Every structure is written in structure tokens, then in C-alpha cells.
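Open the model in your viewer and keep the selection panel at hand. We will go from stop to stop, picking residues and looking at what is there.

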Amino acid sequence: MAATPSVSWNYLPKNYYQRSKIFSAGPCPISSKPPHKENPRNTSLKAFRNAQISSPITAHGSQYKFLQPGTQRTRSNRIVSLKSAGSDSSITSNLLQTALGVVHLVVSLGIILATDKYLKQAFVAAAIKFPSALFGMFCIFTVLVILDVTIPAAAKGLENFFEPALLFIQRWLPLFYVPSLVVLPLAIQDIPAASGVKICFILVGGWLASLAVAGYTAIAVRKMVKTEMVPAEPMAKPSAFSTLEVAAWSVISVASFAAALKYPELLGTNARTCLPFLLGSTVLGYMVGTGLPSGLKKVFHPIICCALAADLAAFAFGYFSKSGLYPILGYYLTKVSSNPGAGDILMGFLGSVILSFAFSMFKQRKLVKRHAAEIFTSISIATLFSLYSTALLGRLVGLEPTLTISILPRCITVALALSIVSLFEGANSSLTAAAVVVTGLIGANFVQAVLDKLKFDDPIARGIATASSAHGLGTAALSAKEPEALPFCAIAYGLTGIFGSLVCSVPAVRQSLLAIVNC
């Protein structure tokens, strides 16, 4: 005879006595109260299933194993297993998407950089005195326009393909201006103090005059044409810097700094050995600067923070290695392709910035067409005024002709300003880049207040005036607070440099500027 099972009564459901006949043919041994007699045939299958999942039940006896909650545990294990498999699949999918995104960025950016390099080599070989990147920009824009007319899907596909590269350039754009500020002590060490004061006067006064001319011209044309504003195409914004990025660059900077101190020619030359920590300190300074409170950014722009971080790193290395500051700054920007420094790497992207203007203009082509009168009239007048007023001011204050020529393109973005001064003999390109960046910093800090004082309320006038006088840095400062002015800033920012390059490529214009400077 089989042993009677021992079941704990306290954990049984209230209607368990009704189900017991299903599990045992004999009388229930569990309670002193006999259960009501019921016909087993009236007991539903549902009661049987409920008995299976009632928990907890303590049963002893091999013939009652089906009372234990093993079925539920098995089902739960299967669910957990499926969830785990789904989670692993999601992680794998995310990793795959990230890897594909990195490959897409590398390929698209690589094509732009390779195009810029090839054009430079071709123009040098052909002895063409015209900015090669500007020619490439016109070619890209023309191709996009033709495709948009003939095969719109192809034009859109080309835009989408290069989107990661364009966002990368937009995200790091201020860094490409920094090298000229970092090596500013080298650029001005041979400039007399009196000449430095004159240059500052020209930059500040010239910025204010250029802003006023561009703004008033835009307002006057707006009153004549009376074109109504339409919404601009939305501009994609790059992502913010993450804590992981800051930590990674911190590790790179510290580790490479220590390695360079220990082994000064670890990577073959001093410049290449110093490159990692100088580049890392520059990037870290920019990341920290962008994270500063908005109130502090008004007086301590992220680019200033960036340049100071690089200079401090150079000073520290010069102090501990007993080589001094100037030699390390020389390693920062060597201008030798076979022995590049951190600054050479960053400035190597300037050509790609110009090529990227083609996509920006194509994206805003409808806006450019609608407001062509205001945009092109204001930009052409403001650019000519900037070039000739700088030459005239330099002559009036008695600034040396070579220094005046070096700061002629003060209102034009660095990438194109360097191309412009290369057309003049004897120009100091380091001073040119520094003058452009300082002009941009002046605009970034004071543009909004000056626009309000001059009562420029129209977004078109505010955007064109800002970009025509303070290029990219002024654009970034104004558009952060006035998004409606961003499209006009972006258009004027690129077109001012393009028009200035085209004008200075004309020999008669160059000769007239030189005549004013040297007379």
C-alpha cells in the first residue's frame, strides 16, 4: 500500500477539498472535516490546472510529483532565456550599427579630405593662383544642382552619404581655427609693440564698421524689394561631448605627455612625439570651454580656453624638459608635411571646411534664391568695404605694408583668408590667421549688443551683418541665441569668403590694394 502523502494544510487553497477527489480515489486524510461529496465529473479542467499552479505546496511521495510547481519554473526559465537572447541580440545590433556608422564617417570624410589634397596638388603643379578648395566647392555645388534638376533622388542620396562628414566638420569647426592662436607668441615676437596696438585698433574699428555697412545695406535692399521671409531648411546639429570622450582624451594627453618627457624622439622626431599630448590638450580645452556656463562664455570663449590649454601644455613640457616654450610651439605648427605637428593636423581640415560650404549652400538654395538681392548686394558691398578700408586704415595709422597686407582678409574665414594672402608676396600667414580669429572673438562677444544698439531688428540684416564682419565665430555666438538668423549667417559666412577670394584673384584688384597700402 502506498504511503499517505504529507501535505501542509496552511498553504492549501480554500477549495482544495473540492479538488482532492481528482488527485486521490480514497477519502481525504488531510482534514478532520470531511469534504462535501461531489460528482468528480462536475469538476472542471480549470480546477485541475489551478491545482497545478497553487504555490507553495509541500508534498512527499513520488506519485504526487505533479503537484510540485516545476511546470511554472520551467515556463519562467524559458521566458528568461528568451529575454536574455533578445537582449544579446539588441546589444549585437547596436554594436553593428555603431561600427557601420564609424565606417560611414571614415569613408565620407576620407573622400572629402582626399579631394582637397588632390586639388591642391593639381593646382600647384599647374601653377594656378586660385584657391583650389574654392574651385572644388563650386564643382560640388554644380553637381548637386544638376542632379537635383535631373535625378533628385541622386542629389538627396549624395547629401545623405556625406552627412556624417559634414556633422563631424561642424562639430569640430572651431578647433581648426585654434592653431593660429596657439602659436600667436611666435607670430608677434618680431612685431613692435606700437605696430601691435595699431593692428588691434584696425581689427576693432574695422569690425564695427564692417558690421554697420553690411547691416544698413541689407536693410536698405530689404525696403526696396519687400520680400517676405519664409522658413529655412532645418540644419542638423552635432551631438554634445560625452564624459567618455573627455576621459579618453585625458588619458591620451597624460600618457603621451609622460612618454614624450621620457623618450623625446619616441615617434622619430620631436614634433611627432609631442603631437599626441599637444593635440589632446587642445581638444580637452575645447571640450571644457564648450561646457562652461553661458555667462562665462561671454568673456571666456571656448576657443580662448582651447588655445590656453594648448599653450599651458606646451609651457609645462618646455619647463620640465628644460627646452623652453618657443621650441615646443614650433613643434605645434611645423608647416612641414613630412614632420607634422598637432596644429598641422587641425589646419589640414580647413580645405574640407570650404568644400562643405557646397552642401550648406545647396541645402539653403531656395532661401538664397528668394533673398538673393539682399544677400548678394550686402555681401559684395561689405566684403569690398572690408578689404579696402583695412588697406586705407593701415596706411593712415602708418602700419608697415607687409603687416597691413597680412590682415587684409580680417573678416573672411581662416581657410579662405590664408588662400587670399598667399596671392600677395611677403604676407605673414600666421598673423593673418591670428587676426581673423581675434576679429571673430570680438564679434562673438559683442555682436548682439552692437546689433541692438544699431537697431537692426530684421533677422536677415542681423545674420548678414554678423557673418560678414565676424565670420564663423560670430555666427556661432548669434545663432545660439537667435536661431531664426542662423540660415542667413550660414549663407553669408560662406559667400563672404567666396566673394573675397574671387575678387582678390583678379590682378587689377590686388594691384589697387597694394597701391593704397604702399602709397
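Before selecting anything, one convention: a residue is called buried under 20% relative accessible area, exposed over 50%, and partly exposed in between, using a 1.4 Å probe and protein chains only. This is a predicted model, in which local features need pLDDT of at least 70 and side-chain atom pairs count only at pLDDT 80 or more, while totals for chains, interfaces and linings use all residues. Residues are numbered from 1 along each chain as its sequence is written, and side-chain values use heavy atoms, leaving out hydrogens and water.

**Stop one: salt bridges**

Here a salt bridge is a side-chain nitrogen of Lys or Arg within 4 Å of a carboxyl oxygen of Asp or Glu. Searching the whole structure turns up six of them.

Select Arg-365 and Asp-148, whose side chains form a salt bridge at 3.4 Å, N to O. This pair links distant parts of the chain, with Arg-365 in helix 16 (residues 365–370) and Asp-148 in helix 4 (residues 132–150), 217 residues apart. Helices are DSSP runs (H or I, at least four residues), numbered from the N terminus. Arg-365 is partly exposed at 28% relative accessible area, and Asp-148 is also partly exposed, at 26%.

Next, pick Arg-171 and Glu-245, a salt bridge whose closest N and O atoms are 3.0 Å apart. Arg-171 lies in helix 5 (residues 152–172) and Glu-245 in helix 9 (residues 243–262), 74 residues apart. Is Arg-171 buried or exposed? With a relative accessible area of 14%, Arg-171 is buried, whereas Glu-245 is partly exposed at 23%.

Now move to Arg-462 and Asp-452, with 3.1 Å between the closest N and O atoms of their salt bridge. Arg-462 is buried at 5%, while Asp-452 is partly exposed at 47%.

Finally, select Arg-222, Glu-374 and Asp-458 together: salt bridges link these residues in a network.

**Stop two: a helix pair**

Show helix 17 (residues 372–397) and helix 23 (residues 507–518), which pack at about 25 degrees with their axes 8 Å apart. Axes are lines fitted to C-alpha atoms, for helices over the stretch in contact, and angles run from 0 to 180 degrees between N-to-C directions. The two helices are therefore roughly parallel, a label for angles under 35 degrees.

For the contact (heavy atoms within 4.5 Å), select residues including Leu-387, Tyr-388 and Arg-395 of helix 17 and Val-509, Ser-512 and Ile-516 of helix 23.

Methods: Angles under 35 degrees count as roughly parallel, over 145 as roughly antiparallel, 65 to 115 as roughly perpendicular and the rest as oblique.
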